[in-house]
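Visitor: I have a model open and want to walk through it. Can we go piece by piece?
Guide: Go ahead.

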Amino acid sequence: MSAQELAATLQLLDATGMNSGTAGNLSVRVEGGLLVTPSAVPPAHVTGDRIVRLDMHGNVLSDGVPTSEWRIHRDIYAARPDAGAIVHMHSVHAT
């Protein structure tokens, strides 16, 4: 999955009510690390250029500030080699 596809997925989840504001975050595993959604950016403003690339140590490899919950994503990927993506939403349906 590309950064553009990750951004589009976040926007879709927001548009369908599966997420509320900037509370949720997404990531996808990529070679050498992960792509995560940025911190405190409304989904409508998240584009592929705003997705943040991290290595597995948390070093930022692109522009931007990653979600404050990037460690949760990284730790799941470290513990679960079979996990390819993570969706962490704060849906009004679940809270």
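Visitor: Where is Asn-19 placed?
Guide: Asn-19 sits in the loop between α1 (3-15) and β1 (25-30). Helices (H or I, at least four residues) and strands (E, at least two) are DSSP runs, numbered from the N terminus. Before going on: this is a predicted model, in which local features need pLDDT of at least 70, side-chain atom pairs count only at pLDDT 80 or more, and totals for chains, interfaces and linings use all residues. Residues are numbered from 1 along each chain as its sequence is written, and side-chain values use heavy atoms, with hydrogens and water left out.

Visitor: Is Asn-19 buried or exposed?
Guide: Asn-19 is buried, with a relative accessible area of 5%. Buried means under 20% relative accessible area, exposed over 50%, partly exposed in between (1.4 Å probe, protein chains only).

Visitor: What does Asn-19 touch?
Guide: Not counting residues up to four places away in sequence, Asn-19 touches Leu-10, Leu-13, Asp-14, Gly-24, Pro-43, Met-89 and His-90. Contact here means heavy atoms within 4.5 Å.

Visitor: On to the sheet. What is the strand order?
Guide: The order is β3-β2-β1-β4, in an open sheet of 4 strands with antiparallel pairing. Two strands pair if DSSP finds at least two bridges between them. The edge strands, each pairing on one side only, are β3 (52-55) and β4 (85-88). From one strand to the next the twist averages 20°.

Visitor: Which helices pack on that sheet?
Guide: α1 does, touching β1, β2 and β4, with its direction at about 155° to that of β1. Helix α2 (residues 70-79) also packs on the sheet, touching β1, β2, β3 and β4, and its direction makes about 40° with that of β1. Axes are lines fitted to C-alpha atoms, for helices over the stretch in contact, and angles run from 0 to 180 degrees between N-to-C directions.

Visitor: Which residues of α2 are buried?
Guide: Trp-70, His-73, Arg-74 and Tyr-77 are buried in α2. They lie on the same side of α2, because they cover an arc of only 95° around the axis. The arc is that of the directions from the helix axis to the C-beta atoms. The cover over the buried residues of α2 includes β1, β2, β3 and β4.

Visitor: Back to the strands. How many bridges join β1 and β2?
Guide: β1 and β2 pair in the antiparallel sense over 4 bridges. Val-30 has Gly-33 in β2 as its bridge partner. The hairpin of β1 and β2 has 2 residues between the strands, and Gly-32 there takes a positive phi near 85°.

Visitor: And what is the bridge partner of Leu-35 in β3?
Guide: Arg-53. Strand β2 (residues 33-36) and β3 pair over 4 bridges, also antiparallel.

Visitor: How many residues are in the largest nonpolar core?
Guide: The largest nonpolar core has 13 residues, and Leu-6, Leu-26, Leu-35, Val-46 and Ile-51 have the most contacts inside it. Such a core is a set of buried Ala, Val, Leu, Ile, Met, Phe, Trp, Tyr and Cys residues joined through side-chain atoms within 4.5 Å. Its largest share, 5 residues, comes from α1. Apart from it lies another core, of 8 residues, among them Leu-34, Val-52, Leu-54 and Ala-83.

Visitor: Last one: where is Arg-80 found?
Guide: Arg-80 is in the loop between α2 and β4. At 46% relative accessibility, Arg-80 counts as partly exposed.
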